[in-house]
Amino acid sequence: MVSLFGSYLSQGMRKRVSLRLSHSIICLQVLLLSFFNLELCSSHNSYYPALANHRKDDMLPQISPSGAPQPFLPLLAPSPLAPFTNTSSPKLSGLCLLNFTAAENLMSTTSIDCWSVFAPLLANVICCPQMEATLAILIGQSSKDTNSLALNGTVAKHCLSDIEQILVGQGANDSLKQICSIHSSNLTEASCPVKDVDEFESTVDTSQLLAACEKIDPVRECCDQVCQNAISEAATKISLKASDLLSMDGSNVLPAHSAKVSDCKSIVLRWLASKLSPTHAKEVLRGLSNCKVNKVCPLVFPDMKHVTKGCGNEMSNQTACCTAMESYVSHLQKQSFITNLQALDCATSLGMKLRRSNITSDVYGLCHISLKDFSLQVGNQEVGCLLPSKPSDATFDVSSGISFLCDLNDNIPAPWPNSSQFSASSCKKNVKIPALPAATSAQIGLRVDQMVPFSLVASSMLLWKKLL
């Protein structure tokens, strides 16, 4: 099976691989070898620090390239269809007044985006941004009846629990609060002094806000910041309501006000969500969140003393240097799926660290390091998978399972930073990166046509996890 995948790659062929009964034992061995070759972030994560505490044995699928754009179809575990065919209702508190029925499709999308074993791997780009958008939309839509853009502390706890029950019942990971660092306080007004809809609308130029954010281009908005600036302006206005800044000590004014503006931005987003349909609101909120996501490299860079030693100014052995670089990059390849723009940020960040370590030669070019080398590798062939920089969702198909868009074929060389480069702004970059994979690029897929191989793999995975 492994050699077959390698043959497909070397010949430039992209086909879907079907795992049939006769291959079940081989598949089990290959999958077990690849599943446990995963290391998630060992320290901080830019937006979702709880990822750092996740186990190393989370499952990673063995996959191969396919032809014209077709989905990434990893194995489902522990049951292929149960969460989506189970008609039983989750046990809700009965104390949350959010209208879950009105956002049924949104909740379903969130459960798929945060699907059990893949939630930690897709957290930074897909799962957590979708989860945060869902919370904002649910509260925004409920404000039409409650006239409030926030929940009180007690109700927030019940609602967050109910939301988690619904999502987990549809197949989502049962640790979303930890993975995405979400607390019940995220559903309240926090330090923002305005939560009443009428007060909000009498304070903010709502027509200007809606005009700026009703429709955004998820690529141009990240550079033009039309909607983001309107949100900041509205948040600043409501943060100054009943302001006690003048009575505060000067050294505390800026930090306190900055936190208040940040909390008020959540109120602004909920108001926007109340004026748009759930589907439309989701597109806007996900577009805004991706601007934040794509600005920062989410990877953790381990100590680079071996690279410094092999590739420093006195580099005498190119092979030794590239061996050290490949070994170093292999640690980055076991952390998480990232977007192509995040990969650019990561390449620039690592490049600057290497330059500060007295490595002046372009080791990226020397050792053929590409942007894909910074993302999670898939399968035993170590093929990098870059997610699109535009917002995307995982999808579910009854016959084939969970899938998400993954680009294997845009072989963009990692740009070596110049001496004055301190960041890789996606608005000023000199590397052209597609927001979505090109038509010639492939998504990657794995299909299970027989229940026996699937059950065998799933059962073995569960047993393995219990033994660890």
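Partly exposed, on this tour, means a relative accessible area between the buried limit, under 20%, and the exposed limit, over 50%. Keep in mind that the model is predicted.

Start by selecting Glu 233: at a relative accessible area of 36%, Glu 233 is partly exposed.

Next, pick Lys 241 and Glu 199, whose side chains meet in a salt bridge (4.0 Å, N to O). This pair links distant parts of the chain, 42 residues apart: Lys 241 is in the loop between helix H11 and helix H12, and Glu 199 is in helix H8. Lys 241 is partly exposed at 29%, and Glu 199 is partly exposed at 28%.

In total, the structure holds 9 salt bridges.

Now show helix H4 (residues 104–113) and helix H6 (residues 153–169), which pack at about 70 degrees with axes 9 Å apart. That angle makes H4 roughly perpendicular to H6. For the contact itself, select Met 107, Thr 110 and Ser 111 of H4, plus Ile 163, Ile 166 and Leu 167 of H6. These contact residues split into 4 nonpolar, 2 polar and no charged.

Last stop: Asn 290, in helix H13. Is Asn 290 buried or exposed? Buried, at 1% relative accessibility.

Notes: Residues numbered from 1 in each chain as written. Predicted model: local features only at pLDDT ≥ 70, side-chain atom pairs only at ≥ 80, totals over all residues. Heavy atoms only, no water. Axes fitted to C-alpha atoms, helices over the stretch in contact; angles between N-to-C directions. Helix = DSSP H or I, 4+ residues; strand = E, 2+ residues; numbered from the N terminus. Parallel < 35°, antiparallel > 145°, perpendicular 65-115°, else oblique. Contact = heavy atoms within 4.5 Å. Nonpolar A, V, L, I, M, F, W, Y, C, P; charged D, E, K, R; others polar. Buried < 20%, exposed > 50% of the residue type's maximum accessible area, 1.4 Å probe, protein only.
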